[in-house]
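Colleague: Please pick one part of this model and take me through it closely. I would like to see how it connects to its surroundings.

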Amino acid sequence: MSLPNDLSKSLLPFDQKTTLGTVIEMSQSNWLVAGIVPGVERHPLKKLDPDERALLQLLKRWQAEAVKAGHTITRIAVAFEAGRDGFWLARWLRARDIDAHVIHPTSVAVSREHRRAKTDRLDTELLKRAFIGWLRGEPEHCHMAAVPTMEEEDAKRPNRERESLVGERSRIVNRMKSCLARLGIRNFKATLRKAPERLADLCTPEGTLLPPNTLAEMRRDMSRLRFVMEQIKQIEESQ
């Protein structure tokens with residue numbers, strides 16, 4: 001039994017004669033829009049600049065073509081893979097009565113029997129097959145991602161920023177450890193409060209102080225580390 005939040009298949013009835021189906025292959029430089037227009041034998045393919053209003057204009061034009069061919073369009077369904085652009089386009093389209101969906105990229109099955117040429121046309125054909133199967137209510141064609149509100153997305157930002165900063169802190173600490181290990185120094189803890197003061201007095205096993213270029217590098221890394229740790233502290237306090 002399908003649950004209301006089941007995103008593995010559409011829960012709405014699908015009428016292919018009154019539904020304009022569209023998929024978008026999105027990149028930084030352009031959007032490749034492929035449509036299945038009722039009453040139109042050709043499968044139109046149009047490359048656009050990343051422009052939501054041009055996309056809406058194209059959808060309305062294809063809708064007019066379907067009407068001219070004798071098909072009244074009651075539903076415009078659009079799908080694209082989740083990626084760098086996130087969910088803003090789905091929200092924008094939904095606000096204009098477009099049935100927009102975001103596909104989990106890993107949920108689209110790809111044949112691994114032979115090497116598949118990487119072309120936009122093949123990608124849109126694959127997305128169209130997966131999307132139409134999903135619209136028909138057939139399971140396992142693809143899975144959709146729940147489209148969050150802007151407030152829900154914004155609420156996730158502190159945790160994601162903290163995660164990124166913690167990773168940056170680890171990279172800086174590991175880089176400092178590796179640099180000092182080359183000189184035979186292994187007992188220095190960069191995250192301690194008095195670590196910056198100890199840098200100038202660090203000695204190698206040979207009894208010499210840190211070479212000037214290494215010391216300057218350590219101080220720059222230490223400055224970055226203090227800044228990152230302060231930002232982590234601010235996020236944790238705000239939560």
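Modeller: Start with aspartate 97. It is exposed, with a relative accessible area of 71%. (Exposed means over 50%, buried under 20%, and partly exposed in between, using a 1.4 Å probe and protein chains only.) Aspartate 97 sits in the loop between helix 2 and strand 5. (Helices are DSSP runs of H or I with at least four residues, strands are runs of E with at least two, and both are numbered from the N terminus.) The phi of aspartate 97 is near 65°, a positive value in a residue that is not glycine. Most residues other than glycine have a negative phi.

A word on the source. This is a predicted model, where local features need pLDDT of at least 70 and side-chain atom pairs count only at pLDDT 80 or more, while totals for chains, interfaces and linings use all residues. Residues are numbered from 1 along each chain as its sequence is written, and side-chain values use heavy atoms, with hydrogens and water left out.

Now step into strand 5. Here 5 of the 5 residues are buried, so strand 5 is largely enclosed by the rest of the structure. In a regular strand the side chains alternate between the two faces of the sheet. In strand 5, Asp99, His101 and Ile103 are buried on one side. Ala100 and Val102 are buried on the other, so both faces are covered.

Strand 5 (residues 99–103) has strand 4 (residues 75–81) as a parallel partner, over 5 bridges. (Two strands pair if DSSP finds at least two bridges between them.) Look across the pair. Phenylalanine 80 stands opposite valine 102. Glutamate 81 has isoleucine 103 as its bridge partner.

What holds the interior? The largest nonpolar core has 28 residues. (Such a core is a set of buried Ala, Val, Leu, Ile, Met, Phe, Trp, Tyr and Cys residues joined through side-chain atoms within 4.5 Å.) Those with the most contacts inside this core are Ile24, Leu55, Val78, Phe80, Leu89 and Leu93. Strand 1, strand 2, helix 1, strand 4, helix 2 (88–94) and strand 5 each supply at least two residues. Helix 1 gives the largest share, 6 residues.

Phenylalanine 80 returns here. Leaving aside neighbours within four places in sequence, it is in contact with Ile24, Met26, Gly86, Leu89, Ala90, His101, Val102 and Ile103. (Contact means heavy atoms within 4.5 Å.) A second, separate core has 20 residues, including Val173, Cys179, Ala195 and Leu215.

Helix 4 (residues 150–181) has 32 residues and reaches 46 Å from its first C-alpha to its last, close to the 46 Å expected. (The expected span is 1.5 Å times one less than the number of residues.) Buried residues of helix 4 include Val173 and Cys179. Their cover includes helix 6 (212–238). Helix 6 has 27 residues and reaches 39 Å, close to the 39 Å expected. Among its buried residues are Leu215, Met218 and Leu225. Helix 4 and helix 5 are part of what covers the buried residues of helix 6.

Last, two loop residues. Leucine 183 lies in the loop between helix 4 and helix 5. It is partly exposed, at 26%. Threonine 204 lies in the loop between helix 5 (195–199) and helix 6. At 7% relative accessibility, threonine 204 counts as buried. Not counting residues up to four places away in sequence, threonine 204 touches Leu183 and Ile185.
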